[in-house]
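Visitor: Could you walk me through this one? I'll jump around a bit.

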Amino acid sequence: MSLALILAYLLSILFVNATETVAQDNQWEKFRGPNAGAVPDDPRLPDVWSDTKNVIWKQSVPGLGWSSPVVWNDRIFLTSAVSTDAEAVPVPGLYDEHDHISANGMHRWMVYALNFDDGKILWERELFRELPELRRHIKNSYASETPVTDGEHLFVYFGSVGLIAALDMSGDVIWTKNIGSFNTLIELGTAASPALHGDRLFIVNDNTTASFMVALDKHTGRELWRIDREERGNNWSTPVVWENRIRTEIVTVGTDGVRSYDLDGQLLWELYGMSNLTTPSPFIANGLVYISSGYPGGALRPVYAIHPGAEGDISLWADENASWSTRFPGNRVSSEYVAWAYPLLGTYNTSALVYRGQYYTLLDRGLLIAHDAQTGQEIYGRQRLKVGSGFSASPWGYNGKVFALSEAGDTYVIKAGEEFEIVHTNSLNEMTLATPAIVRGNLFIRTQSALYRIARTENQ
Amino acid sequence: MRRHIFFKRTFIATVFVFVSSLSQIIQAQDFHEIIHLEVPADLVQLEDSKLFIAAEATLTIFDISKLDSPQRLSSYEFPEKIWDFSIIGTHVYVAADFFGLGILDISDPINPELIGSVKTPGQAKDVEISGATALLADHMSGVDLVDITDPETPTSIGSVYLDGYGRDVAASGTIGYAVDDPSGFYVIDLQERDSWEPLSAIQSADGPRIVEIEDDLALLVGKGTLQIYDISNPTAPTHRSNYGTPGGAHRAVLSDNHAYVADGKMGLLVVDLNNPLVPTVAASYRHSEPVRDVAVYGNLVVIAVGPLPTGIRRSQGGGGVILLNRGTQQN
């Protein structure tokens, strides 16, 4: 091969990669987007907002759904469960003993497509209708799973009724499949979102009946493979497909074990030692996969940063019978495949953020902690955002700021970097648990009743 | 030979049981039942001539100036379950689960009035007062601190991070104490309002649900065990001893270096802690129903009796309250 040809080949690779990067940065195709909440700088992105300030538009969304919006080109997709009757109102805060509720009315499981420019509903599609059989935690919804899209189709999963559907961008249903609806621990409801890679759609369904993971052909919904999982239904974590320098793998996080599979469902490595309940989703940054769980009553609340290429059992704290006190004071450890880990750093609901080289932990109780994402060295310890705030949405970062959205709808804007400093707070005055979408200079925040498109306007 | 050993052991065991039973009978005579009130009761407290009874979400006040004929004065129902309460002067501070902190004015005990409240972020499980600060064990939210300078407008001023679930709090002077599930015992400087980080945190307690303070002694109750700590140095509390009670210790209060223990089906147990290394049973009182809670005021002891809670619920409903006099003389 001549030098010119080699150069042309290399340039073509660079061009393709650059194009893909640009294309990806212009979309928000899944839960937490292409980079797990870390967004490239963009002067159009808002720094200050309220329910009126810097609001490009606000669209009411029927029903209740804590799924995040996904955005592709000129469309924003949302799911919701709409009841015919009045339902119990979700209560923000930090609790675990509230009554779990049954539905009062017939529910319709809906998909909405909104126009990017003006927020108008372009189409809506009812995918299922019934009086829900499963109960849920009062803070959960029957539409908590975030859809995923490849730009041609939208893949929607409603765990509460076991329904998976593929729709085209016009809202026509291409296929549906029911994989069964199952209770999770103490009827808390479902939340784990689907993951997409190539032609395959992956669903992890950990439940109290028989936990499993399935891979479906995204074109037809045909089941390609299914594996049983030894999980007890304590998990609401979305799997992540990890394309690393060695291979492509699907990392699934569960209370009874972190397991990574190849694309055919063969186990590659596993790790034991999580907290009693697992909600945060694994994500990729800096060539590592970050894993955590942090139920407050658990003897472990671990965070792991894992190198590619692991094999077999890489557990650090597998002893289920070890007492809580043995974990303290919670020093950092590492091993061949574990770049760093802490036994007591994990969060209950929020997923962490890696932004500008720092790993940010947003504790549900409204405290922010920063570590070096590569080494795990602590940069600063627990810093209080505000007394009395609960946090479920995952943090995000852009323009040198880290953003933490409370359940009360207040976003705390914090300077990224080694010094903790709250710059200001932006309030929407309505409860939210959904993690926002950020795309093309716009921030999309879903509250209990509406979706906001927020961007910096000319004079603000 | 083996048969001889068997009979010898059986004889010793029989004597032990007999002596133990005799001891119980003798100790039972230390308490004299004054009156048994047929009222639902999960929690009891005494203050001067008033008896306060919490059952589920209702707080009821009795006048017990005449011990043999208590008079019900009033009841106040909160929107949520009462997990605990604290009486300071003419105010009752109530930890009412999702409702948060409620402040009742009882200057007219026939007409208690809710004069202030603040919703805490978690679930209010216990409240103690230190000066103008209310400490609340707020479950997943840890310990929340509320300024009660103006009881009509209580204001959240801080929160202390606990590793587990905040279960109970206590206060002595400007020092606060907290326990969490599964294993934490924390000491908090209530004057250090900038950081609200504990002065010390021990993670070796065993499922503590209750913390009581008296002088340099901290009593933790959890997993059926009294756990005794020396807190003379607040930055380094020292574990002294554990004492497993026969009834699984549900709640307890400290009075004159004695732990009065609501010991479930085994009744009321009084444990002498004058030597914290060697807790010793000083007295007990048995009743046909399990003992849920206990309060002490001078010579007067009040117990709440009834079926024991299961799981996370405080109450099985029903029950009653028994006023006991410690000693031989009834008032």
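Visitor: How much of chain B is buried?

Guide: Of its 331 residues, 49% count as buried. Buried here requires 20 or more other C-beta atoms within 10 Å of the residue's own; exposed is 12 or fewer, partly exposed is in between, and C-beta atoms are placed from the backbone. This is a predicted model: local features need pLDDT of at least 70, side-chain atom pairs count only at pLDDT 80 or more, and totals for chains, interfaces and linings use all residues. Residues are numbered from 1 along each chain as its sequence is written, while chains are lettered from A and ligands numbered from 1 in the order in which they are written.

Visitor: And what share of chain A is buried?

Guide: For chain A it is 50% of 460 residues.

Visitor: What secondary structure does chain B have?

Guide: One helix and 28 strands. Helices (H or I, at least four residues) and strands (E, at least two) are DSSP runs, numbered from the N terminus. Chain A has one helix and 33 strands.

Visitor: Why does the radius of gyration of chain A agree with a compact globule?

Guide: Because a compact globule of 460 residues would have a radius of gyration near 23 Å, and chain A has 21 Å. The radius is taken over C-alpha atoms, and the globule rule is 2.2 Å times the number of residues to the power 0.38. The C-alpha atoms of chain A fill a box of roughly 65 × 55 × 50 Å along the principal axes.

Visitor: How many residues meet between the two chains?

Guide: 18 residues of chain A are in contact with 21 of chain B. The chain A side has eight nonpolar, six polar and four charged residues. Ala, Val, Leu, Ile, Met, Phe, Trp, Tyr, Cys and Pro count as nonpolar, Asp, Glu, Lys and Arg as charged, and the others, Gly among them, as polar.

Visitor: Switching to cores. Which residues have the most contacts inside the largest one?

Guide: Tyr290(A), Ile306(A), Val354(A), Tyr360(A), Leu368(A), Ala404(A) and Ile438(A), in a nonpolar core of 117 residues. Such a core is a set of buried Ala, Val, Leu, Ile, Met, Phe, Trp, Tyr and Cys residues joined through C-beta atoms within 7 Å. Strand E4 (residues 107-115) of chain A gives the largest share, six residues. Another core lies apart from it, with 94 residues, among them Phe99(B) and Val143(B).

Visitor: What does Tyr360(A) touch?

Guide: Leaving aside neighbours within four places in sequence, its contacts include Ala352(A), Leu368(A), Pro395(A) and Val402(A).

Visitor: Which sheet are E7 and E8 of chain B in?

Guide: An open, antiparallel sheet of four strands, ordered E6-E7-E8-E9. Strands E6 (84-88) and E9 (113-118) of chain B stand at the edges, each with a single partner strand, so one side of each has no neighbour in the sheet. Strands pair if DSSP finds at least two bridges between them. E7(B) and E8(B) pair over five bridges, and Val92(B) stands opposite Leu104(B).

Visitor: And the E22 strand of chain A?

Guide: E22 belongs to an open antiparallel sheet in the order E18-E19-E20-E22 of chain A. E18 (283-285) and E22 are its edge strands. Strand E20 (residues 303-306) of chain A pairs with E22(A) over four bridges. Tyr304(A) has Ala341(A) as its bridge partner.

Key. Contact = placed C-beta atoms within 7 Å.
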